[in-house]
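Hello,

Here is the structure I promised to pass on. Please have a look at it first, and then read my notes below.

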Amino acid sequence: MSAGVEIERVSFGYGATRVLEDVSLTIRKGEFFAFLGPSGSGKTTLLRLIAGFGMPDSGRILIGGRDATRQAPWARNVGLVFQSYALWPHMTVAQNVAFGLERRRVPRAEREQRVKAALELVGLAHLMDRRPAQLSGGQQQRVAIARTLAIEPEVLLLDEPLSNLDAGLRAGVRAELVELQRRLGLTTILVTHDQEEANAAADRMAVLDEGRVLQVGSPAELYDHPANRFVAGFLGTANLIDGEVTSDGFRAGGIALPVHAGATPGRATLALRPQALSLLRDGAGSLPARVVRAEFLGGHVRYTLEAGQGIRLIAEEPHLRGLQPLPPGAPVGVAVDPAQTTLLRH
Amino acid sequence: MAQPNRTGRRAVLAAASAALLPVAQLRAQTALEQRVVIITSFSRDVTTPFVQAFERAHPGTKVEVQNRSTTAAVAFIRETRSSPPDLMWASAPDAFEVLKAGNLLAKPQIDTSGIPPRVGGGPTHDPEGHYFGFAVSGYGIMYNTRYLRANNLPVPREWADLKKPIYHGHVGISSPSRSGTTHLTVETILQGEGWEAGWAQLLEIAGNFAQVSDRSFGVPDAVNSGQYGIGIVIDFFGFSAKASGFPVEFVYPSVTTLVPANIAMVQNAPNPNAARAFIQFLLSPAGQEVLLDPKVMRLPVRPETYAKAPQGFPNPFTDASLGARVRFDNDLSEKRYELLNSLFDRLVTFRLRELTAAWKAVHEAEAALARRDNAEGRRLVAEARVKLTRVPITAEQAIDPATAGAFQPTRPNRPAGPRQAQLEEEWDRFAVANYAEARQLAERARSAR
Amino acid sequence: MSATTLPSAAARPWRARWRIEASPVQVLAALLVLAFLLAFLVVPVGRVFVVAFTGAEGGFTLVHFGDFFRTSLFIESFWNSLYVAAMSVVVASLIAVPLAVILARHRFPGAALITTLGVLPLVMPPFVGAVAMQLVFGRNGTVNLLLMDWFGFRIPLMEGLNGVIFVQALHYFPFILMNLTASLSNIDVAMEEAGQNLGAKGFTLLRTIVLPLALPGYLAGASLVFVKVFDDLATPLLLNVTNMLAPQAYLRVTSVGLGDPMGYVISVILVVVSVIAMAGAALILRGRDFATQQRGGGGLARRPLSPLGKALAWSFVIPVLLLVLAPHVGILLLSLATVWSFSPLPDGFTLAHYATVLRETPQFLTNTLLYCGLAGAIDVVIGVVIAWLVLRTKLPGRKLLDLMAMSALAVPGLVLGIGILRTYFDVKMPDGASLATSWIMLTIVYAVRRLPYALRAATAALQQVHRSLEEAAENLGAGKTTTLTRIVVPLMAGGLAAAFVTSFATAAVELSATLVLATRDVDAPLSYGIYVFMQSAAGRGPGAALGVIAVLTVAVCTYAAHRIAERERSRRMREGRATA
């Protein structure tokens, strides 16, 4: 398996502000990879470094096995789809798409054919002669993708490609993107702050925070086995309880929770997905608790519970017709499945 | 530093306090008002010495000077009839004629005793008493000595000298339509030499022009800087430049005329007493002496003032040659005034490139003939010269109301008829065609053998 | 705005209908601007221009226009003016475009200084500038005297139509420089990066992406240069080139007499051609939305130059600056010269001229600052309002306002001055003085004369503020007026600074209208003082000293405005980066 993009110990900053610290990542060829992180995490900067906008203070970037660290953006053959799309308003759709081909001196006949093909790929061949201002947001985004695909890049970089779209459009466009990527087998890196977007699209992803890569893996791996508090909290909902592992379980705030066997004693944080908790209306289970708040979410009801000395837990109960949500203050019992717990060490 | 609105406020205060003055006190001051407003085309260098001398003589009166080009001054007086400035003070007599014709000048009582009624070729003051000559000026040739030396040029003395090929591209003038003083120079040459011969001389001199400037002062400015070496100007431009240290000299040719620089009181002047006093001061011996200030340098109209003049200062009352050869005919000048301006512009100003190129060709052909004389060449050159020195109308036509009349209605506020445009177009075509043909003839003459 | 009434769904169609047509605020703003233009431009000028349509016996006629087209000199002048105006745009672009690109796209030491110096050519004090130009570039100016000495030939820099083109290009290129720089720095950096990402670099990137995107700014500047050169009379007269339209009009009006119709016929034609040129520029831009969304910091990234690039940039910037500032160096020398005549440099140096000026005329400077500062401020306000009405509303007749304001460019100052006198002389101020000759009117006339500059700069700046930024504000509950003052104007800061500077700087050396209107020394501005001095040989030095003071004043103000705009920009950049 050859490498698509390799990032080796890259650091980058603007003056005294550190943006990336010692980042290393390998993105496989043909893989759909995502950089996931909150704003300010450095994910967009890392993407721009791959595209050649800026040079790392230290470290190397390899694309297709060759060192591209010092290569100019125009020499990289890496396609970047900008968050704002950056379609040139003074050119038509076709001229926008043809631009990269002209720079590569593709003969006119082939160029026209490739422009058409790229636009057909995104289903916009009929709008070739429009100007960007005459297109809807979704159409503009597809033109931006077509413009990048037309040059047949080695790597496709997507900078928050869905953020400027209506919520209703996103899921559809995301599916199209994934489908397109699968069809072309193109190494793709998606930058996003939206975990759902990353989960749905990416084969693998890296979670970044404050300029560091915190964890790399498939969406399920990261979800099920977060390496630290941040990843656990950033991906989906998690109950994070600080406490101590003792011989008879995990103790915190006057409650005891089961953990899987063989856990080493000491201070730790217990991460519990809501689905690891079973809410028992009859008060049974290992842990008594009280309802603080109930949110009706359609398929299920999300409860905020309080147990012991101020330990807050989020639990979910599947909703069935005729089942009334519990009122605040109602006593309930909670059962914990030790197989679903994760212990995070400090 | 006075803020503009503060001066306004100060004026209000002054007006209010004036209203509160006892009547008797006011009457005691009827002699002179507190201020007098003068609109003038003269530079600050010229006006300041007079203003200071006047204010010393009349301590209660403050002189306000507004500097404007002559044209702007005339327009301003015309537009501000309801509250005009008190005095108009400028060189160009024609500007005063325009104001007089528009009934914009008052007729103050001024004592002119001791001042000869005529100086040079014409009357000192307006015979109808609307404006007064306070100094006279003659026209002549100003030259930059460094420039002449660097270009190995002899010093010109007479108008005819300026025709010489050696001065090609070295002479400047302002257009008579732009400068009242140049207009008088051109008119003087035409009266001194006659219409046909005068134009022939003018057009040949024009063959050497580097520029025709659109403002009088443009010519001394260019000679001072050395843009070209020789300028046809009014005398005080030369004298004052020399006095300011520029390497320039001035000579009067024998065909020149002396014309007065004037001052007039504007109709409905708000401060008539002070205005009258200023005119009287200008004509008094004390006022006349100010003319000899190095920055002013104009010829006084009182003969006795010349006793205090520096060595070599020209005196038209004793020097018989100065301006005597031409007896300036005001009537004739008046009849063809606008026509002359327009004709000069069509023949010279707007076609200077074509005219100088043709003359250059003639000069070169004549130089070639001097080396290798032949009859055919001489015939062609003579023909070229005829074409270059002809005018489209005769002296009689120039004062014929049928022709000159087409230009006259352009005076105050009445629009010119289309006739003017037609004549101008004819003359333009005449000039363009003649100059082109002359150039061809001269070029053929050069290669004739 | 009331916080208690929430817009109900039912109210929305009503509001939508009003937005498509015009809100009362828009109508009011348009009416105020219209009243200003009518009162101080259209009516006064109309009262003078009426002569062009009046027959010999009174009554309406077009015979004078017929005469114009039958007169070969005028036709020749017409074509000459067109040729000179077009070529001046070309030559000015050759100077301005590289400078703008260097300044806007690269980190260049002393950019503020260069920007300031780049404005100075616009500030050519009357008469002094002409004398200095001749002393430097003239037939026997420094350049040619040295050339003669060393190589035995001259270059006719200041002769004929080409001389006019040379001088005009040096004089007016800052219009292109300023507008283009503002335009370039407003381009979203992603536009450029997208080009690089697809394989474009260097000159190709500039040609295909950057410059086309900056087209609104370029056209704003270029059309100003075209119209200004077409209508300018000072430079042709300085070079004694009279076979062009504007000098013909001026010469006719000032020598044949105010009653001569032909001068006004030519003026009317100047106005018409100028308006057509402006409308043409607007037409080229129509339907192209060049606004690029400014994200947080927006603007092209200023990149460091390679050593070779640095060398190339300096070897362009330095000669160009020397060339365009030569007249100002000339003025400086003149102000320090004892005598300067037919020599490459003055004979000797003295400070006496400055002493004269400071002793005799200290009020000129403060008057100029006051009048021109106010005029510049009026221009920015009216310019923004017109630009906003044209670009952001559907008010009927809004384009007309634009063209009306632009036509001021073609109205000779003398004509406007006479028209103002004719219309307002009998209107008295509280102290009994005439409104027409008061400093207030002088300020208004400056504002009218320089409004076109500010208007073009404001229009270009507003064109680059994306609608969505305003819509965001409106969406958050800001009214149109709040949006304009809180969102649009701050985003236009750079362009507005350019607008103010141009109006202010050029008004500081305005002469033709000043000469008609300024009456009292205590109320007079610098340009009047220069005129007064420059009428005599002895006044040349003091005149030049006043000229230097005028130029320095403008330079200091320009530099300050530039620094303020730059600080604003870098503040936005920092904030933008923090959120990236």
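**An aromatic cluster in chain B**

One aromatic cluster is made up of B:Phe42, B:Phe50, B:Phe54, B:Trp89, B:Phe134, B:Phe278 and B:Phe281. Before going further, a word on the basis: this is a predicted model, in which local features need pLDDT of at least 70 and side-chain atom pairs count only at pLDDT 80 or more, while totals for chains, interfaces and linings use all residues. Residues are numbered from 1 along each chain as its sequence is written, chains are lettered from A and ligands numbered from 1 in the order in which they are written, and side-chain values use heavy atoms, with hydrogens and water left out.

Over all chains, the structure holds 42 aromatic pairs. Here rings of Phe, Tyr and Trp (its six-membered ring) pair if their centres lie within 6.5 Å; planes under 30 degrees apart are called stacked, over 60 edge-to-face, and the rest tilted. (Helices, H or I with at least four residues, and strands, E with at least two, are DSSP runs numbered from the N terminus.)

Buried stands for under 20% relative accessible area, exposed for over 50%, and partly exposed for what lies in between (1.4 Å probe, protein chains only). Another edge-to-face pair is B:Phe236 with B:Phe237, at 5.0 Å centre to centre and 65° between the planes; both of these residues are buried.

**Salt bridges in chain B**

Over all chains there are 54 salt bridges, each being a side-chain nitrogen of Lys or Arg within 4 Å of a carboxyl oxygen of Asp or Glu. One of them joins B:Arg346 and B:Glu424, whose closest N and O atoms are 3.4 Å apart. Because B:Arg346 lies in helix H14 (residues 337–347) and B:Glu424 in helix H19 (residues 418–447) of chain B, this pair ties together parts that are 78 residues apart in sequence. Both partners are buried.

In the salt bridge of B:Glu354 with B:Arg351, the closest N and O atoms are 3.3 Å apart. B:Glu354 is partly exposed at 23% relative accessibility, whereas B:Arg351 is buried at 2%. B:Asp373 and B:Arg378 form a salt bridge too, with 3.0 Å between the closest N and O atoms; B:Asp373 is exposed at 52% and B:Arg378 is partly exposed at 47%.

There is also a network: B:Glu97, B:Lys100, B:Asp126 and B:Glu128 are joined by salt bridges that share partners. Where does B:Asp126 sit? B:Asp126 is in the loop between strand S5 (122–123) and strand S6 (131–144) of chain B, and it is buried, with a relative accessible area of 5%. Leaving aside residues up to four places away in sequence, B:Asp126 touches B:Lys100 and B:Tyr131.

**The chains and how they meet**

Chain B has 19 helices and 12 strands, and 60% of its 449 residues count as buried. Chain C has 26 helices and zero strands, with 63% of its 580 residues buried. For chain A, an unreviewed UniProt entry lists residues 5–235 as "domain: ABC transporter"; such annotations may be inferred rather than shown by experiment, and the positions are given in the numbering used here, with feature names shortened. That stretch is 37% helix and 27% strand.

Two pairs of chains touch, and the most contacts are between chains B and C, a contact being heavy atoms within 4.5 Å. Chains A and B do not touch, and their nearest C-alpha atoms are 47 Å apart. Between chains A and C, 28 residues of chain A are in contact with 25 residues of chain C. The rule finds one salt bridge across that interface, and the side chains of C:Glu193 and A:Arg48 meet in a salt bridge at 2.4 Å, N to O.

Best wishes
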